Amino acid sequence: MVAAFTESLRTHDFSGLQLEEMIEIIKSEIRDEYLQDHSHPWVIGYSGGKDSTLVVHLVFEVLMDLPRSQRRREVHIVSNDTLVESPLVIGHIKESLERISDAAVVLRLPVVTSITTPNLDHTFWVNLIGRGYPSPNRTFRWCTDRMKIQPTSAYIKSKIEESKNVILLLGVRRSESATRAASVRRYDNGERLNRHNDLVGCEVFRPIVELTTDDVWEYLAEHDAPWGGDHQKLIQLYRDASGGECPIVTQKSDAPSCGSTSSRFGCWTCTVVDKDRSLEGFVDAGFAEFGPLLDFRDYLVAIRSDPNKRSARRRNGTITITDTGTFIPGPFTLETRHEILDRLIDLQRNQPVDLISGEEIDRIRQIWSDEITASPKGERAVINTVKKVR
């Protein structure tokens with residue numbers, strides 16, 4: 001029976017099957033891969049959204065069904081906290097990971113939960129307020145790599161160093177979007193595992209790739225979480241936000257998924273999208289305390305285009321002019337950065353969660369001090385320097 005299931009999944013043919021039959025095929029494939037004769041650990045990218053939740057749910061059930069003697073492979077459930085996540089979403093992620101971890105201990109499952117965060121020098125506020133990076137947009141999205149890709153990739157690389165190879169499980173689905181379908185086709189080699197584009201020693205397993213959005217919601221609504229409780233809080237989170245999650249991103253080719261035009265859970269500071277529809281949804285659903293976050297986010301959008309808020313030169317001292325003669329201003333002025341920090345600290349006083357850490361504030365002030373100290377010499381060195389960009 002398992003062989004038949006495996007063949008069905010590998011040919012990506014679920015036509016005519018009921019949802020429970022499809023899920024049994026997927027679980028059989030997960031079980032078969034888990035029991036392969038090697039010790040490569042698994043890493044599940046968990047964003048807290050519906051797709052990654054279903055992957056964790058199914059893997060957890062497979063582990064519970066195995067005899068203890070066969071639970072030999074470690075499974076790492078890894079989330080990423082950019083430190084500017086939507087407060088309700090990161091709260092849900094932390095709570096669910098705690099439940100998963102507690103249940104794994106009780107059930108003696110080889111499950112480890114972790115949350116990755118960006119390096120202090122790579123956080124949103126250290127770069128935007130400290131170094132004056134302009135608020136991100138589609139042409140200068142400096143945040144994704146520093147805050148999402150690098151921390152999670154570093155975690156995966158640490159596991160590769162320990163065991164030479166890892167298998168990364170992602171809740172990617174072909175029907176998620178046209179872009180996602182194209183990505184699936186591009187990396188689909190007809191096998192269960194695909195090599196990761198950027199991480200040597202990492203292979204990617206996408207167990208729910210053929211399920212539809214309706215399939216995912218139906219299964220989560222009708223089945224309790226194997227670590228206890230149900231998925232109703234997650235369902236309500238989506239209802240309130242009218243959106244979807246920013247997925248775990250481990251390679252730059254996936255970056256367009258972050259900051260897309262669709263309504264997604266993600267950073268409350270995201271200025272790549274025109275409107276933060278998910279945070280607006282939370283406010284409309286009764287979470288009025290997050291209204292000021294929307295206003296602050298709109299403020300970050302507005303000052304990006306204000307030439308009076310930006311320096312003429314880039315941080316390396318050059319002036320940027322495009323081939324068409326368009327002048328591109330440099331970072332936020334030091335005065336503007338002071339203004340942003342003051343406003344952010346004022347905003348934080350009336351919020352139920354921390355928006356910026358004391359460690360970040362100390363690092364920001366150190367960067368300002370270094371910049372002021374170095375500026376006279378730097379200005380003489382770069383006078384009359386112009387850099388053209390295409």
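Helices (H or I, at least four residues) and strands (E, at least two) are DSSP runs, numbered from the N terminus. Keep that in mind as you move around this predicted model, where local features need pLDDT of at least 70, side-chain atom pairs count only at pLDDT 80 or more, and totals for chains, interfaces and linings use all residues. Residues are numbered from 1 along each chain as its sequence is written, and side-chain values use heavy atoms, with hydrogens and water left out.

**The whole chain**

Begin with a cartoon view: the chain has 13 helices and eleven strands. Of its 390 residues, 52% are buried; buried means under 20% relative accessible area, exposed over 50%, and partly exposed in between (1.4 Å probe, protein chains only). The accessible surface of the chain is about 18400 Å², and carbon and sulfur atoms account for 49% of that. Such areas come from the Shrake-Rupley method with a 1.4 Å probe, and for residues only the protein chains shown count as cover. Among contacts (heavy atoms within 4.5 Å) with a separation of 6 or more, 72% involve residues 24 or more positions apart.

**Stop 1: two loops with positive phi**

Select Lys164, in the loop between helix H6 (143-163) and strand E4 (166-169). Lys164 is not a glycine, yet its phi is positive, near 75°. With 61% relative accessibility, Lys164 counts as exposed.

Now go to Arg108, in the loop between H4 and strand E3 (111-116). Arg108 has a positive phi of about 60°, again without being a glycine, and at 54% relative accessibility this residue is exposed.

**Stop 2**

Leu107 counts as partly exposed because its relative accessibility is 33%.

**Stop 3**

Next, colour helix H3 (residues 50-65). Its end C-alpha atoms are 23 Å apart, which agrees with the 22 Å that its 16 residues should span at 1.5 Å a residue; the expected span is 1.5 Å times one less than the number of residues. Because 14 of the 16 residues of H3 are buried, the helix is largely enclosed by the rest of the structure.

Within H3, select His57, which is buried at a relative accessible area of 0%. Beyond residues up to four places away in sequence, His57 touches Tyr219, His223, Asp224, Ala225, Pro226, Trp227 and His231. Show the side chains of His57 and His231 to find a polar contact of 3.0 Å. A polar contact is a pair of N or O atoms within 3.5 Å; within protein, one must be able to donate a hydrogen and the other to accept it, and residues adjacent in sequence count only if both atoms are side-chain atoms.

**Stop 3: Ser114 in strand E3**

Move to Ser114, which lies in strand E3 and is buried at 17% relative accessible area. Leaving aside neighbours within four places in sequence, Ser114 is in contact with Ile77, Val78, Ser79, Leu97 and Tyr155. The side chains of Ser114 and Tyr155 are joined by a polar contact of 3.2 Å.

**Stop 4: salt bridges**

Side chains of opposite charge can pair when their charged atoms come close. The structure holds 17 salt bridges, each a side-chain nitrogen of Lys or Arg within 4 Å of a carboxyl oxygen of Asp or Glu.

Select Glu33 and Arg192, a salt bridge whose closest N and O atoms are 2.5 Å apart. This pair links distant parts of the chain, 159 residues apart: Glu33 is in helix H2 (residues 19-34), and Arg192 is in the loop between helix H7 (178-187) and strand E5 (193-195). Glu33 counts as buried at 4% relative accessibility, as does Arg192 at 10%.

Then pick Glu95 and Lys233, whose salt bridge has its closest N and O atoms 2.5 Å apart. Here Glu95 in helix H4 is linked to Lys233 in helix H9 (residues 232-241), 138 residues apart. Glu95 is partly exposed at 33% relative accessibility, and Lys233 is partly exposed at 44%.
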